[in-house]
Amino acid sequence: MQASSPVGTATHKKTLWKVIGASSLGTLIEWYDFYIFGSLAIVISTKFFPPDNPTAAFLSTLATFAAGFVVRPFGALFFGRLGDIIGRKYTFMVTLLVMGLATCAIGLVPGYETIGFAAPVIVLVLRLLQGLALGGEYGGAATYVAEYSEPGKRGYRTSWIQTTATFGLFISLAVIMLTKNSMSAEAFDEWGWRLPFLISSVMVVVSYFIRRNMDESPLFKKAKSEGKTSANPLRESFGKKYNFKFVLLALFGATMGQGVIWYTGQFYALSFLQSVCRVDFDQTNYIIGAALLAGTGFFVFFGWLSDKVGRKPIMLAGMLLAILTYRPIFDRIYQLTDVANKQELVDAYASHQYVEMHGETGDSLRVTTMEHFYADGSVRTVVQTETKTAGETAFSAPVANAHVHVGSSAFASLVLLVFVLVLYVTMVYGPIAAFLVEMFPVRIRYTSMSLPYHIGNGIFGGLLPAVATYLVAKAQFANSLEKPYLEGLWYPIIIAVVSFIIGLLYLKNKNQNVQ
């Protein structure tokens, strides 16, 4: 690569798009690896955790998912330091390999029924490795692209990196659906769910060889050749009052609010549809996938727009819109899926039952499926299971599991509502990479920008699905609120309010030069 070509020349632009493509592909794969766990949270909860309490198992799975976010700041510190000392390229090659190996290993871990409590422990360790790797990946990719970009187009160029997070989630959902639809439900539940984890290994190998042929960032090479790199990026970033002030401002005035809006619009929307609204697993993935596909281009649009009007007004507008509209939007989502609001077609009711005998143990399993049909095309399916051990005369008390497959009109409305949530995500997330890169000098940039980004997203954002689900479960148990299903939204709303106020008062709306 001719990394030293003058900025603005045809050669430089060609090199720049290669840099963006290679960086984005690797980052997309890392997000895919990271998201596949969350996308399969409901399935994983039945494999790696005790099956006697489904709610506790699901919360444990979300907590394990969140653990990967919690350690991201430590990955940012470790790999950020390496990136500011050794270089951007080699550091995020290592993060790619760590992430890929951890993801593949999750697909190979035996289930709880095979190795007991060792299963969730091993999965937790692998999840922590994923978090550490992602903590080093994003800062490297964003810094790398920004340091290649020409002044005045940094928001546009780095916004392509921002699309990878949403595309990673979209691809994870697509791979799950393709895998699920290519086999029987029993096969997917037994072993097919492991394939999306194992597929990652192929993508990682391809991305590794692409990245291996990339050159180092020209600004970092120049700083290193002139002896201007930092010998101790951690101390310089966080031990000096002046630099540390900007780290705190980046965290509390931008990335904290951006993090909760991002995960509300993507992950909590998915969790809310599945665990609160009880919408069919496949249909929720189609809803989220369609909204993500429709909204992804707006990352680039708002990144481009931030080059024109500044990063601050776009990010703060996204926060404010979310604060004002989250509760009405999620309430509408709930109402669209609640069969209490639909007219049931009583004559169309259907039910069937079968009994499965286990010859080796003599146990019996009786499964009753009941389908309720509604005028808008929705179908509510209740699956009731009862067991009878050998020698017993009666089946156990029934355990029921219900889900709703919404009609076409409600489906379209849900896609539109989730699209609006994704639009807020693109507003706060599209300009954030350029904003963070511009706050810090080359010598400590990788370290300084990575920490506030991964605390804002890893801690405040990553904890959101678990915290919000817990708040909803607690409110429903208390049974004292009119709309307990909305209680989980107080977490992102309060965090976003604090971040909005700090950003409004202290952020400067000025796109800095990167040197």
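Ile-261 is in contact (heavy atoms within 4.5 Å) with Gly-318, Met-319, Ala-322, Tyr-326, Tyr-424, Val-425, Val-428 and Ala-496, leaving aside its neighbours within four places in sequence. The model is predicted, so local features need pLDDT of at least 70 and side-chain atom pairs count only at pLDDT 80 or more, while totals for chains, interfaces and linings use all residues. Residues are numbered from 1 along each chain as its sequence is written, and side-chain values use heavy atoms, with hydrogens and water left out.

Ile-261 is also among the residues with the most contacts inside the largest nonpolar core, together with Trp-31, Tyr-138, Trp-262, Phe-330, Ile-333 and Tyr-429. That core has 120 residues, and its largest share, 17 residues, comes from H13. A nonpolar core is a set of buried Ala, Val, Leu, Ile, Met, Phe, Trp, Tyr and Cys residues joined through side-chain atoms within 4.5 Å. Buried means under 20% relative accessible area, exposed over 50%, and partly exposed in between, with a 1.4 Å probe and protein chains only.

A search of the whole structure finds 26 aromatic pairs. Rings of Phe, Tyr and Trp (its six-membered ring) pair if their centres lie within 6.5 Å; planes under 30 degrees apart count as stacked, over 60 as edge-to-face and the rest as tilted. Two of the pairs are listed here.

| Pair | Centre to centre | Angle between planes | Class |
|---|---|---|---|
| Tyr-208 and Phe-209 | 5.6 Å | 80° | edge-to-face |
| Tyr-263 and Phe-267 | 6.1 Å | 25° | stacked |

Tyr-208 is partly exposed at 23% relative accessibility, and Phe-209 is partly exposed at 41%. Tyr-263 and Phe-267, in contrast, are both buried. They lie 4 residues apart in helix H13 (residues 241-276), and are therefore separated by about one helical turn. Ring pairs also join Tyr-263 and Phe-267 to Trp-262, Phe-299, Tyr-429 and Tyr-453 in a cluster.

Helices are DSSP runs (H or I, at least four residues), numbered from the N terminus. The expected span of a helix is 1.5 Å times one less than its number of residues. For H7 (residues 118-148), the 31 residues should span 45 Å, and the end C-alpha atoms are 46 Å apart, which agrees. Of these residues, 23 are buried, so H7 is largely enclosed by the rest of the structure. For H8 (residues 154-181), the 28 residues should span 40 Å, and the end C-alpha atoms are 41 Å apart, which also agrees. H8 bends by about 30° at Trp-160, the angle being taken between axes fitted to the seven residues ending there and the seven starting there.

Conventions: Helices (H or I, at least four residues) and strands (E, at least two) are DSSP runs, numbered from the N terminus.
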